[in-house]
Amino acid sequence: MLVGYARVSTEDQSLDLQLDELKVCGCERIYSEQISGVKENRPELEQALQFVRSGDTLVVWRLDRLGRSLKHVIEIINRLALEGINFVSLKEGFDTTSAAGQFFFHVVASFAQYERALLQERTMAGLAAARARGRKGGRPRKLSEVQVAQAKALAADPKISIDSICETYGISLRTYYRHIAPAQGYGGRGEEQHGGCGQVV
């Protein structure tokens, strides 16, 4: 059974194009929603993932409709594969029902893993350089959008500590929870537990 999933980020955007494409390719059931891709809680996507069974195929119009990041997309496809469920993305011609599609997925997953390893390596190098220079006092600098995105990527890696991220970007613990991981909330943990991050901005 082909099961479709469609998503647009705002109410101003139309789902019609995606829905039409999913119907043309033969989807018997389609889940759709108007919600930002960065949101973790997407009810219709979760319903689609719970509905599909072994032997079914989840179909999207384009890969970025499925996940908020490459890492998230790979996690979802891996979850489907473990349950014997195939995945197809129409625009990219990505199809795990074929040997070529499975090979392509493994290549993409390998590159994503390599990218995470490089990011972690650069972070560790940055920490070493920061320690060599010595920590500078004063109010932490304002983070750019690129730095916030980089810090969020690091925060998603359980191997990298909050202390490391704070020190790398010269931010306080409160700034970390306000801009990098607001969903976790600032628990009032102080300097004794988090070292330099305990400084309040």
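Biologist: Hi! How many strands form the sheet, and in what order?

Modeller: Five, in the order 2-1-3-4-5, making an open sheet with mixed pairing. Strands pair if DSSP finds at least two bridges between them; strands (E, at least two residues) and helices (H or I, at least four) are DSSP runs numbered from the N terminus. Bear in mind that this is a predicted model, where local features need pLDDT of at least 70, side-chain atom pairs count only at pLDDT 80 or more, and totals for chains, interfaces and linings use all residues. Residues are numbered from 1 along each chain as its sequence is written, and side-chain values use heavy atoms, leaving out hydrogens and water.

Biologist: Which are the edge strands?

Modeller: Strand 2 (29-34) and strand 5 (94-95), each pairing on one side only. Strand 5 runs antiparallel to strand 4 (residues 86-89), joined by two bridges.

Biologist: What stands opposite Val88 there?

Modeller: Asp95, in strand 5.

Biologist: Switching to helices, at what angle do helix 2 and helix 3 pack?

Modeller: About 25°, with the axes of helix 2 (residues 43-51) and helix 3 (residues 70-82) 11 Å apart. Axes are lines fitted to C-alpha atoms over the stretch in contact, and angles run from 0 to 180 degrees between N-to-C directions. The two helices are therefore roughly parallel, a label for angles under 35 degrees.

Biologist: Nice, which residues make the contact?

Modeller: Leu45, Glu46 and Leu49 from helix 2, with Ile76, Arg79 and Leu80 from helix 3; contact means heavy atoms within 4.5 Å.

Biologist: And which residues of helix 3 are buried?

Modeller: His72, Val73, Ile74, Ile76, Ile77 and Leu80, where buried means under 20% relative accessible area (1.4 Å probe, protein chains only).

Conventions: Angles under 35 degrees count as roughly parallel, over 145 as roughly antiparallel, 65 to 115 as roughly perpendicular and the rest as oblique. Buried means under 20% relative accessible area, exposed over 50%, partly exposed in between (1.4 Å probe, protein chains only).
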